[in-house]
Amino acid sequence: MSTAQHAEPAVNTPPAPGPKETDGRAVQRTLTLRVLARPDVGVFLGAAAVYVFFLISAPPVRDAGSMANILYQSSTIGIMALPVALLMIGGEFDLSAGVAVITSALTASMLSYQLTANVWVGVIAALVVSLGIGFLNGWLVVKTGLPSFLVTLGSFLILQGVNLAVTKLVTGNVATDDISDMDGFDQARKLFASSFDIGGVQVKITIFWWLLFAAIATWVLLRTRYGNWTFAVGGNKDSSRAVGVPVAFTKISLFMLVGFGAWFVGMHQLFSFSTVQSGEGVGQELIYISAAVIGGCLLTGGAGSAIGPVFGAFMFGMVQQGIVYAGWNPDWFKAFLGVMLLGAVLINLWVQRTATGR
Amino acid sequence: MTNNASGTHGAVLADTVPDDADRPVVQLRNAGKAYGNVRALHGVDLQVHPGQVTCILGDNGAGKSTLIKIISGLHEHTEGEFLVDGRPVHFTTPRQALDRGIATVYQDLATVPLMPVWRNFFLGSEMTKGPWPIRRLDIEKMKQTADQELRNMGIVLDNLDQPIGTLSGGQRQCVAIARAVYFGARVLILDEPTAALGVKQSGVVLKYVAAARERGLGVIFITHNPHHAYMVGDHFSVLRLGTLELSAERSRITLEDLTHHMAGGTELAALKHELSQVRGVDVEELPEEVDLTVPVAATGEAAAS
């Protein structure tokens, strides 16, 4: 237990360059400052502030049912924000994450409908396609050495076009056909899009998946070799390679992890609504990246956590639903979000600067 | 001020291999590397024996980096032979070189600055425990081992959890050297370990170079500072314009010769002026110089035993 407390802050603490802190000359900072210096603590305070704000200005938020709704909204962002955050810690970006969700859902939906097969056939095929897209992104980035921004901007545009064109080609429509009466649909729905009754409140299963994935991601990041490698390839790719870290494997598998996340969220959307709009998903990738950045992941890689993006996603879900509950014009959502993002990042920066004494 | 030996390629003194010396761990025979139509390196012969420090000197662009990149597995050589334990090898990744006991400490890519000291120490060769699905880092053991190993090398750090970027350049080099020694390196390549360091810190690093030699490692010490090289070196190779300018044992060369070859015979006057200044610095560090030169006399014994 004591190791856990020691190990975590060290990875997340931003660097304090300069030869000042050396043998015996380093002054131990107070506990409060050391806690505040952690990026995920900053975002936790930010999330708490947003929560309190809406608690006051939008009375319906105080209801447990609304809370379940807010958490559900957060989970659909959060499940994707997690792998996106891990990838960011590993030093890369994925702009195709938003449309890849739709690609996955479209693949599963159209494949099982056209073949009139069990939906699980489509689900497995979609997983293969999603992992394949992740692999291609990662492989191109590793092999060419191009910035992942460019590579995934390319795949973003490709997928966006393919989503629309192939859907129109196959169904003659921009949406897929309803698959709710097909074999295996109810089973798959149970896994990806069911609800539980907890104390009279309907709680969506994605919330549990989200928290489970976050717990696994935290453990992997801080307690396994793979996590160590993730920090290393994001922090200094060349050093990592020189000491024997499999850089290509780590980066490609991180991209594939984003593919897995896209598949999971895609399946959730498909089995919630039983039909998919092929033009959706554009812009979502920025929401995921924002959640990761608000969650304290360094845009340039090498630092961050898996818990931070959980709070980052919660902030987004909170604002999205909070505006509705407050009875404001939802057109303001994006503007409000932008203010939140800037505010959170600034508060984060201020807290870090104060805490690290720079 | 120029003489015949300098400024020409191939003024290589005959290399008298000590009779009782072991087979070299690493050997280059007429090795070279071309990038496209640019010959960065050609005709290089090099031997690295256990318990000896082989210094490679040269000005910027002389091919030092290319040479160590070949030995450390970052680049493949395109000419000649590269032998490890007498067997020809072609390394395509640094992992292969590491597996053969060749570890490299790079000047600027030795560590990941944001990661804690102990994570850096074990990066790429982490200790784990538990069966596969829950196989995890053995953090306690790694911290203890890192602390122990660093103390063995004479490095005492308050907090192994601090990001290694907060350490000074010399300390970082020392951690990297201690790491290489711990992971069973037989050959340690040091890429300009003293280049960005102050006088005192350079002394500390040179001490660890000597400590590594004492442990029986073959050390390849790359530098463009003949003074640092002469303090610890047993064998000197000077590179110039991509090939060997000089290859000589310590007993057959003086510091003046070395500096002369480094400078290629030109601008010697200016250099001598610089030399005297740096020398003044060396005098201050004299106790350490004595420490460092003592093992040289013992090299014969070490090789014999």
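Helices (H or I, at least four residues) and strands (E, at least two) are DSSP runs, numbered from the N terminus. The structure is a predicted model, in which local features need pLDDT of at least 70 and side-chain atom pairs count only at pLDDT 80 or more, while totals for chains, interfaces and linings use all residues. Residues are numbered from 1 along each chain as its sequence is written, and chains are lettered from A and ligands numbered from 1 in the order in which they are written.

Chain A holds 15 helices and two strands. It has 358 residues, and 51% of them count as buried (20 or more other C-beta atoms within 10 Å of the residue's own; exposed, 12 or fewer; partly exposed, in between; C-beta atoms placed from the backbone). Contacts are pairs of residues whose C-beta atoms, placed from the backbone, lie within 7 Å. Among chain A contacts with a separation of 6 or more, 79% join residues 24 or more positions apart.

Confidence is given as pLDDT, the predictor's score for each residue from 0 to 100. Chain A averages 85, and 87% of its residues score at least 70. Helix α6 (residues 119–144) of chain A has the highest mean, 96, and helix α1 (residues 2–12) of chain A the lowest, 39. Over residues 1–25 of chain A, pLDDT stays under 50. The model has 47 contacts beyond four places in sequence for this stretch. Where pLDDT is low, predicted coordinates should not be read in detail.

In chain B, Arg29(B) lies in strand β1 (residues 26–35). Arg29(B) counts as partly exposed because it has 15 C-beta neighbours inside 10 Å. Beyond its neighbours within four places in sequence, Arg29(B) contacts Asp45(B), Gly80(B) and Glu81(B). Thr92(B) is 63 residues from Arg29(B) along the chain, and their C-alpha atoms are separated by 19 Å.

Notes:
Contact = placed C-beta atoms within 7 Å.
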